[in-house]
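Biologist: Please take me through the terms attached to this model, and set each value against its cut-off before you draw a conclusion.

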Amino acid sequence: MVLRRFSACVLCQRTLLGMLVCRAKSAATHPQPQADFLKGEPHRKHPGVTNLKTLRLPEELHVAAQSIIHRAQVNQLPEHIRKLTNFLWSRKRAVEDLTLRQKAVSLEKELWEKAMQKGGDIDEQAMEDRIRRKVLSELRRTTYHWAPMKYDEELGVVYMAARLAGGYAAVRRALNEIKKRDPSFAPHTLLDFGSGLGTVVWASHACWGDSLKEMVCVDSSGPMNILAERLLKGDDERAEPCIKQVYFRQFLPVSPKVQFDLVTAAFTLSELPNVKDREEAAFTLWRKTSSYLVLVENGTKEGHQILMEARDTLLKKQEKTIYDSRPASVFAPCSHELVCPKLAHEPVTPCNFQQQYQPLSLPRHNDRQIEKFSYLILRRTEAAEEGTKGVEWARLIAPVLRRTRHVHCRMCCPDGQLQHMVVTARKHSRDMYRCARSSDWGDQMPIIRGVEEDINSDSG
């Protein structure tokens with residue numbers, strides 16, 4: 001019996017030794033790259049991690065908003081919040097005039113063909129009138145009726161209750177990408193187009209504090225500008241604003257040569273009525289940008305497509321007069337400047353991300369909520385940071401699935417393809433594996449060239 005146990009022990013040791021030798025040979029044949037992409041950071045805080053923990057409004061902003069809402073005493077506020085939230089989330093772009101005309105012509109042709117197939121004597125004038133009425137009726141029934149939002153004081157308060165915390169969370173998360181990846185960037189000037197309640201001012205101040213010396217907020221709505229100022233003063237007209245050097249305007253600065261370090265437009269492009277206006281706005285905002293342009297929209301198909309419109313405008317089109325010759329390049333979230341693969345495959349799904357936040361203390365509000373948003377950050381090319389040699393970064397576009405000894409990552413890669421990578425310590429190195437386990441939806445993941453990877457094409 002003792003002899004048998006001894007033999008089994010020896011056999012186990014030999015087997016283990018053989019495995020170690022095989023692994024050593026494999027490592028010698030396929031040496032794993034050094035983890036220089038970490039840049040001295042621990043795995044849980046590697047350079048690609050830009051997610052934030054549950055965000056809370058700054059205390060002064062939270063108290064001021066609660067005071068304004070309480071003093072407004074809006075009847076049935078929870079119901080108004082629910083309706084406005086649903087309306088804004090389901091909002092679509094206005095149908096373009098050309099699209100509408102094409103649809104009308106096609107429908108009219110179809111109705112005429114049906115009328116001619118019936119044969120018999122036709123009173124062409126009467127038939128033409130009847131078909132015109134049918135076409136108009138069908139267009140009214142099937143066309144999305146877009147109308148601009150017009151905020152009075154009460155609707156502004158409802159919007160504050162519904163969107164202040166979520167809007168702040170989305171903007172703060174987008175700005176954190178710049179702060180994390182470009183730590184040397186310290187903006188002195190800010191332009192916020194469609195500033196609304198001033199959430200961009202608060203989020204920018206949380207990121208860069210006293211670095212900002214001038215913040216210009218542009219919004220065509222007078223009531224919203226008044227609300228934003230009340231929030232800055234803690235709902236006390238005689239008080240000094242919590243954040244200094246904030247200026248409110250109803251129109252953009254006229255001079256095309258005036259630039260700002262940071263230019264933003266959050267949930268604003270979707271409020272413009274047509275493609276032409278959105279294109280002009282994108283060019284104008286880019287003209288005002290000396291370093292970074294940040295655009296944020298709802299995390300819906302419409303929001304994502306609006307941002308892709310702006311991306312194509314600034315990357316592929318050119319203004320007649322150029323005041324700053326430095327071209328645009330994509331900073332985030334795209335890892336490339338090719339056609340968005342999310343739009344290239346059916347069914348089309350939005351490229352969106354999420355941020356947990358603590359909502360205002362109101363009835364029927366949960367302890368935590370999730371803001372789902374899409375964003376786009378462009379920059380002047382000379383502001384680009386140097387990449388790590390041998391490393392490319394892909395964007396995680398879905399929740400990371402952590403399993404025993406492997407991690408499933410769905411990514412948008414620098415080659416413009418959606419990929420499903422199964423990361424293991426054996427194939428991709430221990431550092432890559434630990435980074436994958438520490439990353440989540442919205443973060444970047446390093447892809448090291450020269451490593452044999454288990455990567456599968458993902459068309460969805």
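Modeller: Let me begin with two tyrosines: Y151 is buried, and so is Y159, where buried means under 20% relative accessible area, exposed means over 50%, and partly exposed lies in between (1.4 Å probe, protein chains only). The model is predicted, so that local features need pLDDT of at least 70 and side-chain atom pairs count only at pLDDT 80 or more, while totals for chains, interfaces and linings use all residues. Residues are numbered from 1 along each chain as its sequence is written, and side-chain values use heavy atoms, with hydrogens and water left out.

Biologist: What makes the aromatic pair of Y151 and Y159 edge-to-face?

Modeller: A search of the whole structure finds six aromatic pairs. In one of them, Y151 and Y159 have ring centres 5.4 Å apart and planes at 70°.

Biologist: How do you know that the pair of F185 and Y292 ties together separate parts of the sequence?

Modeller: F185 lies in the loop between α6 and β1 (189-193), whereas Y292 is in strand β5 (residues 289-298), so the pair connects parts that are 107 residues apart in sequence. Helices (H or I, at least four residues) and strands (E, at least two) are DSSP runs, numbered from the N terminus. Both F185 and Y292 are buried, and together with W208 and F331 they form one aromatic cluster.

Biologist: Why is the contact between R395 and E177 called a salt bridge?

Modeller: The term asks for a side-chain nitrogen of Lys or Arg within 4 Å of a carboxyl oxygen of Asp or Glu. The N to O distance between R395 and E177 is 2.7 Å, so the pair qualifies. This pair links distant parts of the chain, with R395 in strand β9 (residues 391-396) and E177 in helix α6 (residues 153-181), 218 residues apart.

Biologist: Are R395 and E177 buried or exposed?

Modeller: R395 has 2% relative accessibility and therefore counts as buried, and E177, at 0%, is buried as well. Elsewhere, salt bridges that share partners join R71, E153, R230 and D235 into one network.

Biologist: How many salt bridges does a search of the whole structure find?

Modeller: The search finds 21. Among them is the one between E309 and R93, whose closest N and O atoms are 2.9 Å apart. E309 sits in helix α10 (residues 301-316) and R93 in the loop between α3 (77-89) and α4 (97-118), 216 residues apart, so this pair too links distant parts of the chain.

Biologist: What separates R141 and E138 along their helix?

Modeller: R141 and E138 are three residues apart in helix α5 (residues 124-142), which means that about one helical turn separates them. Their side chains meet in a salt bridge at 2.7 Å, N to O. R141 has a relative accessible area of 62% and is therefore exposed, whereas E138, at 27%, counts as partly exposed.

Biologist: What makes the phi values of D235 and S429 worth a remark?

Modeller: Most residues other than glycine have a negative phi, and most peptide bonds are trans. Phi of D235 is near 60°, and S429 has a positive phi of about 90° although it is not a glycine. D235 is in the loop between α8 (222-232) and β3 (246-249) and, at 10% relative accessibility, counts as buried. S429 is in the loop between α12 (425-428) and α13 (430-438) and is buried at 5%.

Biologist: Which form, cis or trans, does the peptide bond from A332 to P333 take?

Modeller: The bond is cis, with omega near -5°, and P333 lies in the loop between β6 (328-332) and α11 (341-344).

Key
Rings of Phe, Tyr and Trp (its six-membered ring) pair if their centres lie within 6.5 Å; planes under 30 degrees apart count as stacked, over 60 as edge-to-face and the rest as tilted.
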